[in-house]
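Biologist: I would like to learn how to read a structural model in an orderly way. Could we take one feature at a time, with the general idea followed by the case at hand?

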Amino acid sequence: MNTVILGAGESGLGAALLAKREGHQVFVSDKGLINEKYKQGLIENAIPYEEGSHDFDRILQADEIIKSPGIPDKVPIVKAALEKGIPVISEIEFAARYAGDAFVIGITGSNGKTTTTKLMYHLLHVAGFDVAMGGNVGYSFARLLTETPKKYYVLEISSFQLDNIIDFRPNISMILN
């Protein structure tokens, strides 16, 4: 599968690492300059990328596009992909496909997401559960899945990360106000 990732921050790098592990042909495109730590991750893993612009011709050859949460649907490259019928999904949606039978707790809302996520992770960890914490705090969900698999994932998920989800359904969802 030809997978393009738009945005090369934590979410984009995580999606690229997971896509590569799963045998996808991967290309990462970031219209801005890529932070050196994320660029190094792409280089170390031999993942092709571009920065400073989007190669529309190359991107629009994708079978699927994974969009980083900071990129709105109204930007020209996303609009062009959607008009061409290329599915555009979030990193959370993509990662969930490869979570297997892991138990996922998703925490979203206006206030208290980070505190609640850290508390939930702490309680499970201290109780001896095989758990990881990520999403909008720490590593992206996709990146966590490329590391040592866990039975439980506690994810802080911003509203932007929930854009472009289709089938992602955590086992437990918390919506905070």
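Predicted model: local features only at pLDDT ≥ 70, side-chain atom pairs only at ≥ 80, totals over all residues.

Biologist: Where is Asn164 found, and what is its phi?

Modeller: Most residues other than glycine have a negative phi. Asn164 has a positive phi of about 65° although it is not a glycine. Asn164 lies in the loop between helix H8 (159-162) and strand E9 (172-176).

Biologist: Ala46 also has a positive phi; is Ala46 buried or exposed?

Modeller: The phi of Ala46 is near 55°, and this residue sits in the loop between H2 and strand E3 (49-51). With a relative accessibility of 59%, Ala46 counts as exposed, because exposed means over 50%.

Biologist: Let us turn to the chain as a whole. How many helices and strands does the protein chain have?

Modeller: There are eight helices and nine strands in the protein chain. Its radius of gyration is 16 Å, close to the 16 Å that the globule rule gives for 177 residues, so the chain is as compact as a globular protein of that length. Along the principal axes, the C-alpha atoms fill a box of roughly 50 × 35 × 30 Å.

Biologist: How should I read the salt bridges, and how many does the whole structure hold?

Modeller: The idea is to look for a side-chain nitrogen of Lys or Arg within 4 Å of a carboxyl oxygen of Asp or Glu. A search of the whole structure finds seven salt bridges. One of them joins Glu36 and Lys39, with the closest N and O atoms 3.4 Å apart. These two residues are three apart in helix H2 (residues 36-44), so about one helical turn separates them. Glu36 is exposed at 53% relative accessibility, whereas Lys39 is buried at 13%.

Biologist: Which residues are linked with Glu36 in a network of salt bridges?

Modeller: The network links Glu36, Lys39 and Glu51.

Biologist: Which salt bridge links distant parts of the chain?

Modeller: Consider Asp130 and Lys150, whose closest N and O atoms are 3.5 Å apart in a salt bridge. The pair links distant parts of the chain, being 20 residues apart: Asp130 is in the loop between H6 and strand E7 (131-135), and Lys150 is in the loop between helix H7 (141-146) and strand E8 (152-156). Asp130 is partly exposed, with a relative accessible area of 30%, and Lys150 is partly exposed at 27%.

Biologist: Are the side chains of Asp73 and Lys67 buried or partly exposed?

Modeller: Asp73 is partly exposed, with a relative accessible area of 36%, while Lys67 counts as buried at 4%. Their side chains meet in a salt bridge of 3.5 Å, N to O.

Biologist: Finally, how far apart are the mean positions of the positive and negative charges?

Modeller: The mean positions of the 17 positive and 21 negative charges of the protein chain are 3 Å apart.

Conventions
Residues numbered from 1 in each chain as written. Heavy atoms only, no water. Helix = DSSP H or I, 4+ residues; strand = E, 2+ residues; numbered from the N terminus. Rg over C-alpha atoms; globule rule 2.2 N^0.38 Å. Lys, Arg positive; Asp, Glu negative; His and termini not counted. Charge placed at Lys NZ, Arg CZ, Asp CG, Glu CD. Buried < 20%, exposed > 50% of the residue type's maximum accessible area, 1.4 Å probe, protein only.
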